[in-house]
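Welcome, and thanks for taking a look at this model. Please have the sequence and the coordinates side by side as you read.

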Amino acid sequence: MKGFLGIRYSLILMLLPLIVIIIILTSLFSVLEARSAMTLLANRHLAYKSEELRDFAYSEWETIRTLGLEENEELKGIVEESILSFSRSLLRERSESIYFFDSEKNLILELTLESSGSEVSSNLDMTAAGFNPGWTSFSSDGEERVGILFEYTPLDWYILFSDMSETFFSEIRNIQKNSLIILLIAIAAVLILTPQSVKPIIRHVEDLSAAALDITENLDLSRRVERIPNDETGLLAERFNSMLEALQQSNVELEEKRREEQEAREAAEAQEREALFLLSRISDIRDENTGNHLKRIGLYSQHVGKLLNLPAEEQDVLLHAAPLHDIGKIGVPDAILLKPARLSDEEYAQMKLHTSIGFELLKSSRSRFLREGGVIAQSHHERWDGSGYPAGLKGEDIPLYGRIVSIVDVFDALLSERPYKKPFTRDKAYELIEAQKGIHFDPALTELFLANFKIFCEMHRDN
Ligand SMILES: [Fe+2]
Ligand SMILES: [Fe+2]
């Protein structure tokens, strides 16, 4: 899970801004709606009171006018008092004020709940709104106010029923404050709940990921995703399981094939070794040696390879290739090979050819055993001092396998009985081999062989 953000966080990052934007927009629209609704209500409230006052004032004047007493100054004073008295009764809040202006638009009277006297203390600034009847806003002693103005023609008055903007919009501010609190709570809830709501979507993907990781680490193809939800991730899980099923099946088939191939290879190798041994026997049937001589040459050579710490594969090559050392004798005429008397120089030269014949016979074989057998056939009569045949090679120019077979072949001949000789004693054989160290045989190999002489003697005895 390293190196990337993960679907969980990608989803959260994708969902969160969307939800928060929706909440903020909803709140904003609610507040705006509430604000216009409240403004309308407050407006109506002011308008209602203002209307009442206007109706009352005109009805008072209508009564006097009906009686034809509009010129009576005393009655005018009564009407004024009556209007002021009614005005006071309309005041309910400390923030409400009723202003009376004369025809010159000078403030002549100010009524509030507290100061219902006639003193004019306020410093009104009506310049902005003017004296147009209807809704107006203005400032009084630095305070923002709103109100509804109407003209009262009988007395040449302008009457303004007003309230403080502060009070007027206080309800709206409360709504805004509450909205903000709800908004913050909603955002906090979203922050907490979104990761929770994303969890079920992610869980199945995480199941898949865990299964894939498990399979990679433990190479266990029998693993399956357990939870299969009824959605696209479920489809993915089903395909994943089917893929594993197929992989497991082909793995079983592959294993079966591999086992069959292994068996076939082992059988072929066994046949090859058997054929090798039979091949080496061809030369021997015409010679005085027995099959056991060849078997022992293989065993001794293998053991020398082991003492030299050669790889197991090379020890195996020595075991099977060394018995082929005299295969070339099939090319030597019986008259020479089986001659009971000493060979003439010419006959001996022909006899020596068994080395090259063996090499020619085997050198191009596809089998490594046979090719190495050819090398051994060619080099097992070379001598360390260079006096051997066929090439007169010297020292380490002689192939190692040839140097090995050279010692063990002589050793086996010394300890074995022949029609013309008794076997040498072990001590004598030891002596004769030691005497040839550095002359006939590789000195290091001779030392190694003699250091383990007893083992080789036992191998001769037991085989
Ligand atoms: Fe030989
Ligand atoms: Fe031999």
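Predicted model: local features only at pLDDT ≥ 70, side-chain atom pairs only at ≥ 80, totals over all residues.

Residues are numbered from 1 along each chain as its sequence is written, while chains are lettered from A and ligands numbered from 1 in the order in which they are written.

Let us begin with strand 1, residues 97-101. Helices (H or I, at least four residues) and strands (E, at least two) are DSSP runs, numbered from the N terminus. Strand 1 is mostly covered, with five of its five residues buried. A residue is buried if 20 or more other C-beta atoms lie within 10 Å of its own, exposed if 12 or fewer, and partly exposed in between, with C-beta atoms placed from the backbone. Ser97, Tyr99 and Phe101 point one way, Ile98 and Phe100 the other way, and all are buried.

Strands count as paired if DSSP finds at least two bridges between them.

| Partner | Sense | Bridges to strand 1 |
|---|---|---|
| Strand 2 (residues 107-112) | antiparallel | five bridges |
| Strand 6 (residues 157-164) | antiparallel | five bridges |

Tyr99 has Glu110 of strand 2 as its bridge partner, and Ile98 stands opposite Phe161 in strand 6. The hairpin of strand 1 and strand 2 has five residues between the strands, and Lys105 takes a positive phi near 65° there.

Now to Ser82, in helix 2 (residues 73-90). Ser82 is partly exposed because 15 other C-beta atoms lie within 10 Å. Its C-alpha atom is separated by 154 Å from that of Arg461, 379 residues apart along the chain.
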